[in-house]
Every structure is written in C-alpha cells, then in structure tokens.
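Here are my notes for your reading of this structure. Keep the view open and follow the points in order.

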Amino acid sequence: MPERVAVLGAGVGGLAAASRLAKDGYQVDVYEKLPACGGRNNLICEAGFKFDTGPSFVMMPDFFEEIFSYCGQDIKDYLDLRVLEKSYKIVYADGRQFTVHRDSRLTLGEMEKIEPGSSARFEDFILETGRIYGLVRPLLYKCVTLKDLFNPAYLSLAGRIRAFDSYWKLARKYFKSRELCYAFTFEAMFMGVSPYRAPAFYSVITYADHAQKIFHSMGGMYRIPLALEKLASRFGANFHYGCEVEKIEKENGKFTLSCGNERFKADYLVVNADYPYTQTDLLDRRIPDFEYSCSTYLVYLGLKRKLEGLEHHNLFFSGDLDKNLDQIFKKKTVPEDPSFYVHLPTVTDPSLAPEGKEIVYLLIPVPNLKNPQHRFKDHESRIRKQVFDKINKSCGCDLAKLVEVERRFYPEDFTGRYNIKFGATFGLAHNLLQSAFFRPANKDPKLRNLYYVGASTQPGGGLPVVIAGSRIVAEMIKRGG
Ligand SMILES: Cc1cc2nc3c(=O)[nH]c(=O)nc-3n(C[C@H](O)[C@H](O)[C@H](O)COP(=O)(O)OP(=O)(O)OC[C@H]3O[C@@H](n4cnc5c(N)ncnc54)[C@H](O)[C@@H]3O)c2cc1C
C-alpha cells in the first residue's frame with residue numbers, strides 16, 4: 001500500500017506539491033474548500049468574459065518548466081506560455097510614459113526620455129541584479145532555519161546578496177531620478193511590500209522581468225492551476241472540492257482532517273492553506289505578531305469595445321509615490337492619490353472576451369485589515385473616480401460608459417474566500433525578518449510529517465516561487481522528513 005498524503009488546499013502551491021508527490025508514488029488526496037482549484041489564481045466567467053482574478057504576470061518560466069520535467073512531462077503539452085513584445089507600460093502622474101520592451105534596446109531609448117544618461121547605467125544594474133539572481137536562485141529550492149544562520153557559508157552569502165540593503169537603495173545606486181528608481185523597484189509591490197522595506201535581494205524579480213522577460217499563459221492565467229491539476233490527476237491524485245477542513249489532529253502517527261461529518265486519514269499532511277490561518281484556526285496555536293503584506297481592491301470590467309492607448313500590463317504611478325507607500329504600509333489609510341495596475345489580457349489573448357470586446361482588470365494596493373485607520377468602502381467611490389479619470393485621460397474615453405459586466409473584490413474577500421488573515425493579498429510580508437531563515441519553514445517543528453507549501457512559507461510568494469516550494473516539500477517527504 002502506498003503511503004497516503006493529504007494536501008490541504010488546491011492553490012498553485014498545493015497543486016504543485018500534489019503533482020510531485022503523486023509522481024513519486026504516494027497516494028495523494030487534495031482537500032479544497034472552494035468548488036474548483038486555483039486559490040488566488042482563480043477565474044470568474046460571465047457573459048463570455050473570462051476574468052483571471054489574481055496573478056497576471058508569468059515570470060521565471062524555467063520554474064514552471066521544472067515541475068513538468070520533474071514529472072517527466074513536456075510543459076508544451078499543458079501550457080502555451082508566450083513572451084510579450086511589450087512587457088508593460090508605466091504612466092507617471094505628469095503624463096510621461098515609459099514602456100519596457102522585450103527588446104532591451106528599445107527600453108534603453110525609453111529610459112533616456114525619463115533620465116538622460118541612465119541607459120549607460122542600466123547594464124551595470126542588470127549585471128548586479130543578475131549576480132544576485134545567480135546566488136538566490138539555488139536558495140529558492142532550499143528550506144533554511146535559524147540553525148543555518150550559524151553556518152559561515154550563509155553568513156557570507158547574506159552580504160553578497162545585499163540582505164542588509166533595501167531594494168530601493170540598490171536602485172538608487174544606479175539611477176538618479178525617483179521616476180526610474182520606482183520603475184525598477186515597483187516589483188516589490190508584487191509581494192505586497194514597499195521597496196523601502198524589501199531587502200535588495202528581491203531585485204531578482206527586476207532581473208527576471210528585464211533579462212528573462214514577461215510571459216502570458218494563452219487561454220488565461222487559470223490554465224496554470226488547471227495544468228497542474230491535470231498533471232497531478234495523471235499520476236492518480238484525487239481531488240475533493242467543496243471540502244473545508246475545520247480541524248487537524250494527529251493520533252498514533254496518522255493525521256485526521258475533519259470536514260463536516262467526514263474524517264480523512266493520512267500519513268503525511270501538506271498544508272497549502274495560508275500559514276498564519278492554519279496555525280491559529282486549524283492547529284489552535286498562537287502565532288507571533290507577524291507583519292502582513294498589503295491588501296488590494298480589485299475590479300474586473302468586461303467592456304463593450306476595445307480601448308486604445310493601453311498595453312497588456314499598465315502601471316499608473318501616484319503623483320507622490322512616497323506618500324502613497326506611507327499611507328498603505330505605515331499610516332494604514334486609504335491612499336489619497338493611489339498608484340494602480342491595469343491588466344488588459346485581451347490585448348494578447350482576444351479569446352478571453354467575446355469578439356471585439358475587452359477585459360480590464362484594475363488592481364489598487366490598499367492597506368491590509370490589521371489595525372486599518374479607514375474603512376475602505378467609505379473611500380471606494382472616490383478611488384474609483386480617480387482611477388477611471390486617469391485611465392480616461394490616457395485612452396481618451398469614458399470607461400464607465402463602456403462597462404458591460406463588472407465584478408469587485410475587497411480586502412475582506414481574501415479572508416472570507418481564501419482564509420487569508422487580515423485580507424493580506426500576498427500573505428506574510430516579505431521584509432528581512434520574514435524572509436529566508438526567518439520565514440516559516442516548510443516543515444512543522446513539532447508535528448512530524450506535517451509540511452507547508454505556499455506564499456506565507458519559504459521560499460515566499462509568487463507563482464514560480466510557490467512552485468519551487470513544492471519541490472522542497474516533496475524532497476523532504478521523500479528523504480523521510
Ligand atoms: C491579485 C493578485 C495578483 C497577483 N499577481 C501575481 C503575478 O502577477 N504573478 C505571480 O507570480 N504571482 C502573483 N500573485 C501571487 C500568487 O497568486 C500567489 O503567490 C499564489 O497564487 C499563492 O498560491 P498558494 O499556493 O500560496 O495558495 P492560495 O492561492 O492561497 O491557495 C490556498 C488554497 O487553500 C484553500 N483553503 C484555505 N483554507 C482551507 C481549508 N480550511 N480547507 C480546505 N481548503 C482551504 C483556499 O481556498 C485556496 O484555494 C498575485 C496574487 C494576487 C492575489
């Protein structure tokens with residue numbers, strides 16, 4: 001009889017762990033509270049529009065390829081990842097624009113318009129972030145604990161990956177204008193932290209973005225969890241949807257998961273549900289006073305017609321970015337002049353909407369729900385007006401008049417739908433004291449055979465990174481703990 005592994009949660013991390021473990025010969029059962037897989041990488045279908053609800057950038061495609069080759073499969077049989085010719089466009093408050101292209105020579109020309117002379121320093125910046133990437137990449141497949149801090153090899157590595165500098169400080173060494181520093185550190189917001197607080201080694205994302213480029217999953221981002229579900233099923237994993245686990249117990253070396261009147265037994269348990277929630281609500285433990293990532297207000301619009309003047313990915317920066325970051329992360333007030341992200345996947349992938357129509361997905365970073373100073377809904381109509389006005393100015397249209405379908409997602413929904421504490425969109429914050437050795441480990445320190453995979457554990461959040469985390473867990477289980 002193969003040993004039984006229960007995976008609690010069918011987010012991308014859980015699906016990836018299920019695939020590897022099923023391939024390794026374990027009997028895998030996945031328990032998911034929602035009716036379908038994907039977690040934060042989810043889908044809303046309405047009136048012919050297919051809205052991807054969460055991730056929109058595919059970065060570091062080699063991490064996606066790796067899981068398929070681990071399982072002896074060719075990713076091309078599961079996913080169609082296409083590189084974007086225009087990675088994204090940044091729109092500054094004064095109307096200036098900066099487009100990052102697949103062809104870096106075109107990007108250099110754009111940079112010169114923002115900061116004359118900067119293109120000469122860009123190569124050095126990419127060399128430095130590439131050097132850090134080379135050192136950090138192997139760590140993404142390792143779980144390190146506080147004990148490893150005393151390992152001299154890791155101590156010297158901390159200096160070499162600039163663990164004690166901020167992401168912002170690193171960019172500042174190469175670029176004079178705040179505009180370009182923001183353009184080369186905004187990726188910190190992908191992890192829900194301010195570039196002033198994120199350690200410089202997170203610049204590996206900037207490196208990946210510029211050196212490895214940005215990809216889109218044709219047919220939509222939701223194809224990614226579907227591909228992993230198919231991969232796991234191919235090796236015999238079973239999926240139990242609509243099954244919210246309420247309690248985890250361990251007796252006589254076996255885990256019991258309670259879900260309504262049902263009880264499920266397993267030899268190993270891999271928890272993909274968010275770590276802080278798992279500790280308090282499922283294991284009845286106390287947790288440290290963690291710092292949480294920001295939250296987001298999300299709006300999904302199905303438009304009657306195509307828009308002009310926007311790219312697939314667009315970032316609109318606040319007129320006062322420092323104040324914007326301060327309000328989100330320190331003051332915990334709803335931003336007066338928000339920065340926001342506009343996703344138009346139909347620019348690359350018209351199959352996601354009825355013919356001639358467009359999808360616009362708006363993401364506005366806002367404070368999480370830990371001691372918020374404002375009620376978001378009191379500010380919602382103002383925020384919407386500001387965001388719509390800026391888009392209208394850029395596209396020369398009246399967005400509100402083009403809306404055929406609209407869905408909204410609030411900070412509270414992250415908690416209600418996915419069990420993520422404080423509506424923290426990206427889980428635990430990625431600051432220095434919650435990264436690497438200090439981030440919750442993939443193995444429980446007290447209960448043998450209990451493992452964790454997902455954004456709030458090591459190595460961290462983001463699709464490629466949670467997929468890397470699933471390899472750590474699979475290898476630990478195979479090694480016997
Ligand atoms: C708006 C947004 C934009 C993003 N943009 C990007 C991007 O562009 N690129 C990128 O790489 N990453 C992006 N990310 C981050 C990325 O989506 C996440 O890091 C990743 O999807 C997290 O996956 P996970 O495996 O940690 O789990 P989750 O997605 O959190 O899945 C956990 C699963 O556990 C289930 N669960 C919880 N409690 C229980 C229970 N008691 N019983 C049963 N099931 C339970 C949940 O329903 C959920 O399905 C974005 C995230 C969001 C939300």
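1. First, a term. A residue counts as near a molecule if its C-beta atom, placed from the backbone, lies within 6 Å of it. Keep in mind that this is a predicted model.

2. Now the ligand. There are 38 residues around the ligand. Gly9, Gly11, Gly13, Gly39 and Gly454 come nearest. Which of them gives the most? Helix α1 does, with three residues.

3. By class, 18 of its residues are nonpolar, 15 are polar and five are charged.

4. Next, a helix pair. Helix α4 spans residues 118-136, and helix α8 spans residues 204-212. Their axes lie 8 Å apart, and the packing angle is about 115 degrees. Angles of 65 to 115 degrees count as roughly perpendicular, so α4 and α8 are roughly perpendicular to each other. Their crossing is left-handed.

5. Find the residues that touch. From α4 come Ile126, Thr129, Gly130, Ile132, Tyr133 and Val136. From α8 come Val204, Thr206, Tyr207, His210 and Ala211. Seven residues of this contact are nonpolar, four are polar and none is charged.

6. Finally, step back to the whole protein. It has 15 helices and 19 strands. Its radius of gyration is 22 Å, close to the 23 Å that the globule rule gives for 481 residues, so the protein is as compact as a globular protein of that length. Along the principal axes, its C-alpha atoms fill a box of roughly 65 × 55 × 45 Å.

Key. Residues numbered from 1 in each chain as written. Predicted model: local features only at pLDDT ≥ 70, side-chain atom pairs only at ≥ 80, totals over all residues. Axes fitted to C-alpha atoms, helices over the stretch in contact; angles between N-to-C directions. Helix = DSSP H or I, 4+ residues; strand = E, 2+ residues; numbered from the N terminus. Parallel < 35°, antiparallel > 145°, perpendicular 65-115°, else oblique. Left-handed = near helix turned anticlockwise from the far one by under 90°. Contact = placed C-beta atoms within 7 Å. Nonpolar A, V, L, I, M, F, W, Y, C, P; charged D, E, K, R; others polar. Rg over C-alpha atoms; globule rule 2.2 N^0.38 Å.
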